[in-house]
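Reader: Could you take me through this structure? I would like to begin with the strands and then turn to the aromatic residues.

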Amino acid sequence: EFGGGVKVIGLANATTVPASNPTGGLVVYSEGGVFKIRESGGAIRTMARIAMKTADESVLNSTTLQNDDHLFIALEANKRYLVRLLLNMVHDGAAPSINFGFSVPAGATMRWYHNNPATGTVDETTVWVHHTETGTEVFGLSTTVRGTYIVGFIKMGGTAGNLQLQWAQATLDAVNNTIVKEGSWLEAVLA
């Protein structure tokens with residue numbers, strides 16, 4: 001059965017994944033429920049894994065990083081991934097900030113960068129800020145939706161698990177919500 005669909009094409013997981021490169025073509029297969037393509041040059045490609053935020057999520061009166069309800073993706077052990085995130089944020093009150101970062105499985109290493117207006121610039125000249133898997137970033141918010149674009153790279157260790165966005169208020173606010181908006185998205189592509 002393939003999801004209860006009618007007139008669909010299903011692809012069961014391979015009992016043995018291809019170990020050699022095809023000549024003059026490619027091999028299509030499923031491994032762990034993930035669609036994969038092995039090219040004649042040896043590269044293995046997957047479809048992008050995307051998590052879309054389907055509803056606004058609020059945090060009130062907390063500076064403790066919490067897992068986002070929607071923005072997480074399961075990653076395979078011993079693989080490398082390119083990562084992108086578009087994060088749309090807003091705050092109910094004046095001059096607040098959000099603190100955000102990622103949680104990765106044990107043994108994984110991550111490097112990520114985000115665009116941030118250079119401090120004190122009128123034209124919001126963009127600079128790229130570097131972080132590792134344990135890094136977090138404080139980003140200023142207002143009552144107008146702001147966004148940041150994040151790119152990165154993950155080298156998974158021997159443990160599979162989730163790439164998980166985590167966030168909280170940077171400054172405790174018991175009156176006004178910090179909100180990550182619907183339409184934010186996280187993407188991971190096998191590198």
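Author: The answers below cover a sheet, the aromatic pairs and a surface patch. Please note that this is a predicted model.

Reader: Which order do the strands of the open sheet take, and is the pairing parallel or antiparallel?

Author: The open sheet consists of three strands in the order 1-2-3, and their pairing is antiparallel.

Reader: Which strands stand at the edges?

Author: Strand 1 (26-31) and strand 3 (44-46) do. Each has a single partner strand, so one side of each lacks a neighbour in the sheet. From one strand to the next, the twist averages 30°.

Reader: How many bridges join strand 1 and strand 2?

Author: Strand 1 and strand 2 (residues 34-39) pair over six bridges, in the antiparallel sense. Within strand 2, Phe35 stands opposite Ser30.

Reader: What holds paired strands together in general?

Author: Strands of a sheet pair through backbone hydrogen bonds, in either a parallel or an antiparallel manner.

Reader: Staying with Phe35, is it buried or exposed, or in between?

Author: Phe35 has 35% relative accessibility, so it counts as partly exposed; buried would require under 20% and exposed over 50%.

Reader: Which residues make the nonpolar surface patch?

Author: Phe35 contributes to it, along with Leu11, Leu26, Val28 and Met47. The patch covers about 460 Å².

Reader: Let us change topic. How many aromatic pairs does a search of the whole structure find?

Author: The search finds two. One of them joins Phe100 and Trp112, with 5.9 Å centre to centre and 40° between the planes, and this pair is tilted. Phe100 lies in strand 8 (residues 97-103) and Trp112 in strand 9 (residues 109-117), so the pair links distant parts of the chain, 12 residues apart.

Reader: Are Phe100 and Trp112 buried or exposed?

Author: Phe100 is buried, at a relative accessible area of 0%. Trp112 is likewise buried, also with a relative accessible area of 0%.

Reader: And why is the pair of Phe102 and Trp112 called edge-to-face?

Author: The ring planes of Phe102 and Trp112 stand at 80°, and their centres are 5.2 Å apart, so the pair is edge-to-face. The cut-off for that class is over 60 degrees. Phe102 is in strand 8 and Trp112 in strand 9, 10 residues apart. Both Phe102 and Trp112 are buried.

Reader: Which residues form the aromatic cluster, then?

Author: Phe100, Phe102 and Trp112 form one aromatic cluster.

Key:
Residues are numbered from 1 along each chain as its sequence is written. This is a predicted model: local features need pLDDT of at least 70, side-chain atom pairs count only at pLDDT 80 or more; totals for chains, interfaces and linings use all residues. Side-chain values use heavy atoms; hydrogens and water are left out. Two strands pair if DSSP finds at least two bridges between them. Helices (H or I, at least four residues) and strands (E, at least two) are DSSP runs, numbered from the N terminus. Axes are lines fitted to C-alpha atoms, for helices over the stretch in contact, and angles run from 0 to 180 degrees between N-to-C directions. Rings of Phe, Tyr and Trp (its six-membered ring) pair if their centres lie within 6.5 Å; planes under 30 degrees apart count as stacked, over 60 as edge-to-face and the rest as tilted. Buried means under 20% relative accessible area, exposed over 50%, partly exposed in between (1.4 Å probe, protein chains only). Patches are made of residues with over 30% relative accessible area and no salt bridge: like charges are joined within 9 Å, nonpolar side chains (Val, Leu, Ile, Met, Phe, Trp, Tyr) within 5 Å. Accessible areas come from the Shrake-Rupley method with a 1.4 Å probe; for residues, only the protein chains shown count as cover. A salt bridge is a side-chain nitrogen of Lys or Arg within 4 Å of a carboxyl oxygen of Asp or Glu.
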